[in-house]
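Please keep the sequence and the 3D view open while you read.

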Amino acid sequence: APAERAIRQKIVKFTRGVEDDIPIYERRPSAEVDEAWHQLYSVAETKISKSDEMRMPNRTWPLGRYPGHYMTALDVFHQLHCLVCSLRAWIKFRALIDVSQDTLRQQIHRGLRYNYTRVPISHARHCIGAIRQALMCSADISPIAWQWSEEHQTAQQRDDIVHVCRDFDQIRDWADRHTFVAQTTDFDVYVEDDSDVPLD
């Protein structure tokens with residue numbers, strides 16, 4: 001991927017999005033919040049050299065205004081944009097989502113005290129923050145391509161691009177081999193632990 005040279009490992013402590021630990025992105029809607037979100041993905045469209053384009057797994061669109069350069073976007077910015085769009089839809093259809101997802105949530109957390117019939121806004125805020133931080137942490141740099149569409153007579157963004165992925169099926173299989181049904185007692189009884197791993 002063209003942005004491979006920009007990759008550096010960085011330790012980042014995630015926020016919880018509750019109480020006094022609420023970053024700008026999870027605060028009540030405002031112009032300031034909108035601008036903060038916009039700044040996350042405002043650099044989405046990028047131009048790359050022909051040598052970078054030749055290393056991509058998908059052909060992309062040559063930029064007429066910039067000879068020898070091609071248009072691309074890193075998928076992390078596309079994903080953050082999609083998260084914002086999903087949030088807007090979620091706000092409109094919250095009641096529908098609450099009802100349709102309730103059965104799934106109850107199955108995931110069966111045996112625990114959670115009541116997911118209505119998701120509190122603080123919980124939704126936490127979930128939004130968790131997804132945003134995960135997207136930014138993994139930062140998928142797969143380059144999105146633009147290709148000519150004969151049907152529409154324009155170069156169009158192609159989201160159906162090749163990615164180099166962690167094998168989710170393998171991860172799911174590992175989790176399946178290690179899964180158990182958590183019970184309330186797993187959380188209500190203090191267990192002395194001699195682990196040296198810091199809490200935060």
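Helices (H or I, at least four residues) and strands (E, at least two) are DSSP runs, numbered from the N terminus. Ala139 is not a glycine, yet its phi is positive, at about 40 degrees. Ala139 counts as partly exposed because its relative accessibility is 29%; the cut-offs are under 20% relative accessible area for buried, over 50% for exposed, and partly exposed in between (1.4 Å probe, protein chains only). For background, most residues other than glycine have a negative phi. Gln153 also has a positive phi without being a glycine, at about 55 degrees, and Gln153 belongs to the loop between S3 and strand S4 (154-158).

A word on the source: this is a predicted model, in which local features need pLDDT of at least 70 and side-chain atom pairs count only at pLDDT 80 or more, while totals for chains, interfaces and linings use all residues. Residues are numbered from 1 along each chain as its sequence is written, and side-chain values use heavy atoms, with hydrogens and water left out.

Now for the overall picture. The protein chain contains seven helices and four strands, arranged along the sequence as α-β-α-β-α-α-α-β-β-α-α. It has 200 residues, of which 28% count as buried. Among contacts (heavy atoms within 4.5 Å) with a separation of 6 or more, 61% link residues 24 or more positions apart. The chain exposes about 15,200 Å², with carbon and sulfur atoms supplying 55% of that area; the areas come from the Shrake-Rupley method with a 1.4 Å probe.

Next, the aromatic rings. Rings of Phe, Tyr and Trp (its six-membered ring) pair if their centres lie within 6.5 Å; planes under 30 degrees apart count as stacked, over 60 as edge-to-face and the rest as tilted. By this rule there are two aromatic pairs, listed here.

| Pair | Centre to centre | Angle between planes | Arrangement |
|---|---|---|---|
| Tyr25 and Trp37 | 5.5 Å | 75 degrees | edge-to-face |
| Trp61 and Trp148 | 5.5 Å | 20 degrees | stacked |

Tyr25 lies in the segment before H1 and Trp37 in helix H1, so their pair ties together parts twelve residues apart in sequence. Tyr25 and Trp37 are both buried. Trp61 is in the loop between helix H2 (50-54) and strand S2 (69-74), while Trp148 is in strand S3, so this pair ties together parts 87 residues apart in sequence. Trp61 is partly exposed, with a relative accessible area of 27%, and Trp148 is partly exposed at 41%.

What does Trp37 touch, not counting residues up to four places away in sequence? Its partners are Tyr25, Leu83, Val84, Leu87, Ile128 and Arg132. Trp37 is part of helix H1 (residues 31-41), and its relative accessible area is 6%. The C-alpha atoms of Trp37 and His81 are 8.5 Å apart, although 44 residues separate the two along the chain.

Leaving aside residues up to four places away in sequence, His78 touches Ile144, Gln157 and Asp159.

Finally, look at Tyr66: Lys47 lies over its face, 4.8 Å from the ring centre. A charge sits over a ring if NZ of Lys or CZ of Arg is within 6 Å of the ring centre and within 35 degrees of the ring normal.
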